[in-house]
Amino acid sequence: MLEIKNITPKFEKYLKFNSNNKNIKIGVAMSGGVDSSTVAYLLKQQGYDIFGVTMKTFKDEDSDAKKVCDDLGIEHYVLDLRDEFREKVMNYFVNEYMNGRTPNPCIVCNRYIKFGKMLDFILSKGANFMATGHYTKLKNGLLSVGDDSNKDQVYFLSQIRKDRLSRIIFPVGDLEKSKLRELAEQLGVRVYSKKDSQEICFVEDGKLKEFLIENTKGKVETPGNIVDKNGNTLGRHRGFSFYTIGQRKGLGISSEEPLYVLAFDRETNNIIVGENEDLFKDELTATRLNLFLVDSLESLDNLECFAKTRSRDILHRCLLKKVGDNFQVKFINNKVRAITPGQGIVFYNDDGNVIAGGFIER
């Protein structure tokens with residue numbers, strides 16, 4: 001056990017030692033951030049046999065993960081997944097932008113890399129479970145939202161294979177981020193005040209254009225026209241990969257009313273713009289559904305549930321209708337702003353459990 005003093009009573013339940021836990025081996029996915037580092041501290045205190053694993057993806061791994069493992073006296077592994085990460089995540093990311101879609105690399109990474117290759121590695125080391133610092137819960141084996149309303153991370157986990165959930169634990173799913181930092185400080189976690197990682201880990205903030213140009217050898221720069229809904233030319237764009245649905249700033253056009261990106265026309269290489277009210281839609285098409293609460297796509301036909309079209313979205317009541325292998329999602333009593341092809345869409349039941357996750361086709 002760790003020698004811990006002056007823990008606030010509200011956190012004591014996370015630190016209860018159980019001697020039986022020594023027979024349970026857990027590999028902790030460690031990024032070097034406060035979430036995963038705190039998870040390692042908690043599991044160590046609870047008596048589990050733990051080790052840390054850090055992925056090497058596109059750059060050198062974060063040295064803080066190794067330091068935290070040294071603090072805890074546990075083994076630390078570095079898993080080199082650079083080739084797999086480039087193939088499954090970075091290439092997908094670039095290709096989606098080239099096709100006029102806005103990708104969500106975290107969803108894809110979680111399926112193939114973190115809860116794919118990394119979980120396989122952890123299990124190969126004799127672990128019973130893999131633990132992460134996601135603000136997520138498993139309720140009776142069901143993937144469910146955590147208690148931090150500002151961090152619905154099940155959205156990003158919605159493509160994990162259902163059969164993998166039995167080998168995953170989320171020890172901090174009932175904590176809010178601010179409370180976790182408070183707990184980490186009391187535990188003496190060296191990274192308790194470390195800033196959160198950037199949104200896209202392999203793209204420097206504000207450098208998306210440069211990244212796409214470099215990784216397409218300039219092919220992404222295909223200038224075209226910016227047109228209104230009636231086809232009138234209003235200006236020029238640098239390549240539609242540099243824009244996203246709902247964007248207003250940076251269009252370089254003048255108008256009496258604010259104009260927003262509504263859609264991309266690949267055949268003409270035009271960006272179509274319109275007013276804010278044009279961004280609101282009452283339906284979309286979802287594809288590549290990954291199932292959790294049901295065993296077949298047919299079970300989703302005519303199902304009424306809730307949906308999110310982005311992680312920080314509100315829940316929208318909707319009706320699902322199967323059309324081939326895809327689904328028409330009809331929103332009930334409201335419209336959704338800036339529906340963006342390529343982004344994830346996640347379906348929830350009344351209890352916050354994930355029914356299925358897919359991608360927005362159009």
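In what order do the four strands of the open sheet run? The order is S9-S8-S11-S10, with mixed pairing (two strands pair if DSSP finds at least two bridges between them). Keep in mind that this is a predicted model, where local features need pLDDT of at least 70, side-chain atom pairs count only at pLDDT 80 or more, and totals for chains, interfaces and linings use all residues. Residues are numbered from 1 along each chain as its sequence is written, and side-chain values use heavy atoms, leaving out hydrogens and water. Helices (H or I, at least four residues) and strands (E, at least two) are DSSP runs, numbered from the N terminus.

- Strands S9 (233–237) and S10 (260–265) sit at the edges, each pairing on one side only.
- S10 and S11 (residues 270–274) run antiparallel, joined by five bridges.
- Across from Tyr-260 you'll find Gly-274 in S11.

**Helix H2**
- H2 (residues 63–72) has Asp-64, Ala-65, Val-68, Cys-69 and Leu-72 buried (under 20% relative accessible area, 1.4 Å probe, protein chains only).
- These residues cover an arc of only 140 degrees around the axis, so they are on the same side of H2 (the arc is that of the directions from the helix axis to the C-beta atoms).
- Just past H2, Gly-73 has a positive phi of about 70 degrees.

**Helices H3 and H4**
- H3 (residues 82–98) packs against H4 (residues 105–124) at an angle of about 170 degrees, their axes 9 Å apart (axes are lines fitted to C-alpha atoms over the stretch in contact, and angles run from 0 to 180 degrees between N-to-C directions).
- H3 and H4 are therefore roughly antiparallel (over 145 degrees).

Note on methods: Buried means under 20% relative accessible area, exposed over 50%, partly exposed in between (1.4 Å probe, protein chains only). Angles under 35 degrees count as roughly parallel, over 145 as roughly antiparallel, 65 to 115 as roughly perpendicular and the rest as oblique.
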